Amino acid sequence: MRLKSNAVITGVGGFVPDNILNNSDLEKMVDTNSEWIVSRTGIKERRILNDPSLATSDMAAYAVKDLLKNAGLEPEEIDCLIIATSTPDHLLLSTASIVCDKLGLVNAWATDINAACSGFLYAYTMGASLVESNRYKKVIVVGADQNSAIINYEDRNTCILFGDGAGAVLLEPTTEDVGLIDSVFKTEGKGREHLLVPGGGSKIPATPDSVAQKLHYIRQDGRVVFKAAIKGMTETCTEVLKRNDLEINDIKWLIPHQANYRIIHAVGENLGLPEDRVKVNIERYGNTTAATIPLCIWDFKDDFKYNDNMIFTAFGAGFSWGATLLKWGKLRTV
Ligand code: ACO
């Protein structure tokens with residue numbers, strides 16, 4: 001008989017580009033102002049990968065390299081790599097396989113998943129299930145997006161929101177009572193019209209006309225997404241607490257997807273969680289899509305203590321959303 005394993009986060013890594021695009025820079029590009037951006041979104045600056053020779057795979061590789069260094073592991077020790085991204089280097093072939101090649105993850109199988117802003121949340125639960133199955137011992141899950149590749153910097157509705165970055169976690173088995181506990185996930189395909197990149201896939205392949213119509217950039221109905229995000233994240237957090245017989249006071253940290261400070265604040269308030277238990281770094285990075293949650297883990301890991309109950313929650317294109325409940329364990333040290 002196999003003992004049941006829990007899947008716990010034992011390593012963390014991250015990467016953001018050095019280049020900063022702040023609100024004053026945006027004032028020179030579109031009809032906006034810093035006061036509007038800060039009061040409506042909480043964002044002061046974002047990182048942009050502006051070296052044309054680099055792409056999402058490079059940011060993911062830097063984050064995984066940072067993780068391996070922090071955890072004291074060699075690339076060949078990794079069994080599996082899952083990258084959540086909506087901005088793969090190429091349409092046909094996974095960004096994860098490029099990262100395996102760049103870093104020498106010679107014993108890992110690798111794949112991408114696309115669930116937009118919920119991508120890391122979904123990939124984390126999928127990676128944890130592989131570990132819990134006892135088939136895989138060291139699974140790395142990455143959230144990485146180069147949003148600047150799909151942003152129209154003439155559209156003030158979207159260009160103020162997004163940035164580039166990558167974050168990574170290592171999952172390993174443990175028989176201790178820590179690690180991922182439960183996830184509540186939802187998908188509502190009817191929401192797709194409110195947030196998408198229309199062109200570039202099989203429905204609208206790239207043509208001179210699709211480029212002229214700017215169909216390869218993000219389009220969204222901000223107000224619809226805003227309301228649905230608050231509702232969706234609040235409801236799934238409430239559901240995951242309820243079905244695990246927990247109260248909000250049992251939760252030490254909420255790590256929400258960083259899309260808009262007002263969304264984050266409303267979700268915390270709806271749940272009744274004091275502000276100092278809700279992790280926020282949106283002012284520095286903006287919305288990095290699949291990278292927001294792992295970048296928060298990377299930024300705030302020193303605050304987390306063994307046995308802390310935490311919830312990760314996200315909402316994104318699809319619509320896709322959810323909440324994952326976990327108990328923090330112990331990171332590997334070198
Ligand atoms: N600068 C100045 N004015 C602006 C800007 C800007 N950058 N953008 C819009 N405005 C104007 C609008 O034109 C509008 O003017 P009007 O009243 O004359 O028509 C006014 O500001 C208010 O616009 P709203 O769209 O109502 O502003 P809102 O408060 O909803 O904020 C925002 C817009 C920031 C996009 C918000 O709706 C939002 O964050 N939505 C969530 C979108 C999101 O995060 N999507 C990312 C992916 S999904 C996810 O991560 C959850």
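Predicted model: local features only at pLDDT ≥ 70, side-chain atom pairs only at ≥ 80, totals over all residues.
Where is the place of Ala-116?

1. Four strands make up an open sheet with mixed pairing, and their order is S8-S13-S12-S11. The edges are formed by strand S8 (179-187) and strand S11 (253-256), each of which pairs on one side only. If you ignore direction, neighbouring strands of this sheet are turned by 15° against each other on average. Helix H8 (residues 222-242) packs on the sheet and touches S8, S11, S12 and S13. The direction of H8 makes about 150° with that of S12.

2. The S12-S13 pair. Strand S12 (residues 309-316) and strand S13 (residues 320-327) run in the antiparallel sense and share 8 bridges. As one example to check in your viewer, Ala-314 has Gly-322 in S13 as its bridge partner.

3. A cis peptide. Gly-318 and Phe-319 are joined by a cis peptide bond, with omega about -10°. Phe-319 belongs to the loop between S12 and S13, the two strands paired in point 2.

4. Ala-116. To pick up the opening question, Ala-116 sits in the loop between strand S5 (109-113) and helix H5 (119-132). Its phi is positive, about 50°, although Ala-116 is not a glycine. Is Ala-116 buried or exposed? Ala-116 counts as buried because its relative accessible area is 12%, and the cut-off for buried is under 20%.

5. Thr-289. Here is another residue other than glycine with a positive phi: the value for Thr-289 is near 55°. Thr-289 is found in the loop between helix H10 (282-285) and helix H11 (292-300). With a relative accessibility of 5%, Thr-289 is buried.

6. A leucine patch. Which residues form a nonpolar patch on the surface? They are Leu-91, Leu-92 and Leu-93, and together they have about 380 Å² of accessible area. Leu-93 is placed in the loop between strand S4 (80-84) and helix H4 (95-103). Leu-93 counts as partly exposed because its relative accessibility is 42%, and that class lies between the 20% limit for buried and the 50% limit for exposed.

Technical notes
Residues numbered from 1 in each chain as written. Heavy atoms only, no water. Pairing = 2+ DSSP bridges. Axes fitted to C-alpha atoms, helices over the stretch in contact; angles between N-to-C directions. Contact = heavy atoms within 4.5 Å. Patch = residues over 30% accessible without salt bridge, like charges linked within 9 Å, V, L, I, M, F, W, Y side chains within 5 Å. Areas by Shrake-Rupley, 256 points an atom, 1.4 Å probe, with all protein chains shown as cover. Salt bridge = Lys/Arg side-chain N within 4 Å of Asp/Glu carboxyl O. Buried < 20%, exposed > 50% of the residue type's maximum accessible area, 1.4 Å probe, protein only.
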